[in-house]
Amino acid sequence: MRTALRRYPVLIALVLAALFMVVPFVFVAVNAVKSPAEYSANGPLSLPEGLYLDGVKDFWERVDFGQKLLNSALISGSVAVLAVALSVLNAYAIGIGRVRGRTWVLAFFVLANMLPQEALVYPVYYLSKEVGLYDTRLSVIIVFTVIQAAFGTYLLSSVLGQFPREIIEAARIDGANKWQVLWRIVVPVSRPTLGVLLVFFFIWTWNEFLLPLVMLISNDNQTVSVALGVLQGQRLMDATMTNAAALLGVLPALVFFLVFQRTLTRGIAVGAVK
Amino acid sequence: MTVTVEPAGGRRRGRSANSPHRKGASRHHRDSYALFLLPGALAFLAVIVVPFLMNTGVSFTDWRGVGSPEWSGLANYRELMDDSEFWASFRHSLFMVVAMAAVPTAVGLVLAAALFDYVGKHFGSRWAAVLRACFYLPQVLPIAVAGIVWSWILAPDNGSLNELLKAVGLGSWQQDWLGDPDIALYSVMGVMVWVQLGFPLVVFMAGLQRVDPQLYEAAELDGAGWWRRFRHITLAQIRPEIYVVLTWCTIAALKVFGAVYVLTKGGPGGATNVPSYFSFTTFFEKTQVGYGAAVSTVLTVIILAVSLIGLKLQTRAEDAEDSPTGVRT
């Protein structure tokens with residue numbers, strides 16, 4: 001009984017700390033539904049008197065937020081699928097094919113993933129202008145497919161390195177070629193890991209800032225992150241507008257979080273302890 | 001959905017390389033797997049290798065992005081040595097390493113141990129999972145959005161933090177959190193701790209799951225207090241995770257860009273400038289491409305060094321840990 005009592009302070013401290021983490025989200029949600037008049041009269045701490053959604057609506061229309069969402073979804077979705085595909089091909093050769101020099105190949109992919117984007121950004125900017133891909137969503141898709149695949153290759157190679165060889169041998173004896181083994185056996189069996197990668201690539205790409213900021217200058221191509229970040233940088237927004245922007249930026253992340261919570265927490269551990 | 005991944009890193013590599021897997025007999029069919037690497041190799045060549053080499057090459061030239069680059073040898077690097085802005089940006093990087101790697105790792109360890117040891121055990125895993133989710137939440141937020149949220153909270157007039165201080169009678173503590181050169185860097189650091197904390201926490205909690213609960217029970221029976229259990233069991237058992245987290249977070253801290261761009265634009269007066277933001281402005285605002293390339297090359301060298309050290313420590317910790325128990329799923 002005494003020990004049980006001693007445990008409550010720990011729990012209470014943890015709950016308070018957790019509340020501190022969540023409070024900014026609450027602030028944003030509360031203030032995004034206040035009218036400018038109410039905001040200036042009562043400040044940011046008061047509870048909203050009613051549901052005023054015009055600020056959010058105005059902001060949505062002003063930045064054409066639907067288009068930004070579409071761009072982000074298109075770019076992140078394409079990158080996720082393509083990067084997983086590329087990772088699978090690489091990891092198949094490294095983990096199952098055990099190609100010669102695979103240690104070096106793997107080391108190369110790790111380094112490519114660690115490389116700061118700052119060391120690529122100007123040449124990528126310059127080259128994409130040369131080949132006419134500058135300010136296209138395709139350019140960002142290509143670049144992030146490769147960057148995410150570097151991580152995916154590293155992770156999947158170790159997963160496929162553990163793949164039960166008997167299954168592959170059996171399929172080979174039955175006359176399946178390498179391509180069929182990959183598609184009919186390796187991919188279906190590794191589906192859980194591929195799912196984790198898919199989710200991670202999607203969210204990572206969604207959250208990227210530097211390269212999309214440099215590559216996507218026209219309004220029609222910008223992603224959610226870039227559109228909001230650039231607006232904020234210009235300091236054109238008043239407090240209510242800022243909140244509307246923050247709310248619209250937070251919402252998709254919250255949705256991902258709620259949908260993929262289990263995958264995320266499990267996946268991050270998978271990713272970290274490679 | 002269950003994902004079990006054997007930790008690879010250095011040790012798997014060593015082991016599988018030695019496995020005498022049908023040597024010679026399968027050499028031919030083994031090498032034809034190399035074809036599967038072809039798309040990846042070409043894509044990496046175009047997107048990583050060529051741009052990276054270009055960037056390194058350009059760092060030895062005087063180039064403004066138009067015309068042809070003029071070879072200038074080490075001139076950019078010599079100039080960097082005397083550039084106080086450059087040194088300041090790297091000094092700020094060290095602050096970011098504290099905020100994004102050291103503090104989150106230390107706090108994350110304590111939180112993970114408390115959630116695992118106390119909350120999970122005595123209040124149920126549901127509580128632990130919900131609390132963990134709260135700490136992890138900022139991690140899924142785009143950094144640009146986190147920046148918007150915090151720049152509004154930290155705003156000088158009518159900012160939530162200042163209003164909050166006033167409301168609880170600490171009005172004299174009010175600050176221009178992001179606009180005062182003396183405290184802007186600390187404010188950014190605070191935001192980054194908030195952003196980063198969830199990552200170590202989740203990794204450590206996952207790591208703790210493979211610690212044999214009997215170790216804790218035995219220690220508790222022997223009368224070891226929380227602190228001793230934490231030091232001798234928790235810390236010792238999840239050392240590989242600690243190195244991984246420290247490495248990743250240090251690299252992330254060295255690369256930090258979006259938060260600085262949105263929160264302060266490196267200001268006021270360069271007080272929060274960091275190398276990646278410095279190279280960005282040198283590239284795209286001052287269009288001194290050669291000089292910017294030198295900055296990012298130095299940054300790359302530092303990051304690669306950190307990665308190699310981290311990888312080494314991790315491999316060693318995993319090997320050391322491997323011998324006695326070695327149970328891991």
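Guide: Helices (H or I, at least four residues) and strands (E, at least two) are runs in the DSSP assignment, numbered from the N terminus. Please keep in mind that this is a predicted model.

Visitor: Which pattern does chain A follow when read along the sequence?

Guide: The pattern is α-α-α-α-α-α-α-α-α-α-α-α-α, and the secondary structure of chain A accordingly comes to 13 helices and zero strands.

Visitor: What is the radius of gyration of chain A, and what would a compact globule have?

Guide: Chain A has 23 Å, whereas a compact globule of 274 residues would have a value near 19 Å. The C-alpha trace of chain A spans about 75 × 70 × 30 Å along its principal axes.

Visitor: What percentage of the residues in chain A is buried?

Guide: Buried residues make up 59% of the 274 in chain A, and of the contacts with a separation of 6 or more, 75% join residues 24 or more positions apart. Chain A exposes about 11,300 Å², of which carbon and sulfur atoms supply 65%.

Visitor: How many disulfides are there over all chains?

Guide: A disulfide is a covalent bond between the sulfur atoms of two cysteines. The cut-off applied here is 2.5 Å between the sulfur atoms, and the count over all chains comes to zero.

Definitions and conventions: Residues numbered from 1 in each chain as written. Chains lettered and ligands numbered in written order. Predicted model: local features only at pLDDT ≥ 70, side-chain atom pairs only at ≥ 80, totals over all residues. Heavy atoms only, no water. Rg over C-alpha atoms; globule rule 2.2 N^0.38 Å. Buried < 20%, exposed > 50% of the residue type's maximum accessible area, 1.4 Å probe, protein only. Contact = heavy atoms within 4.5 Å. Areas by Shrake-Rupley, 256 points an atom, 1.4 Å probe, with all protein chains shown as cover.
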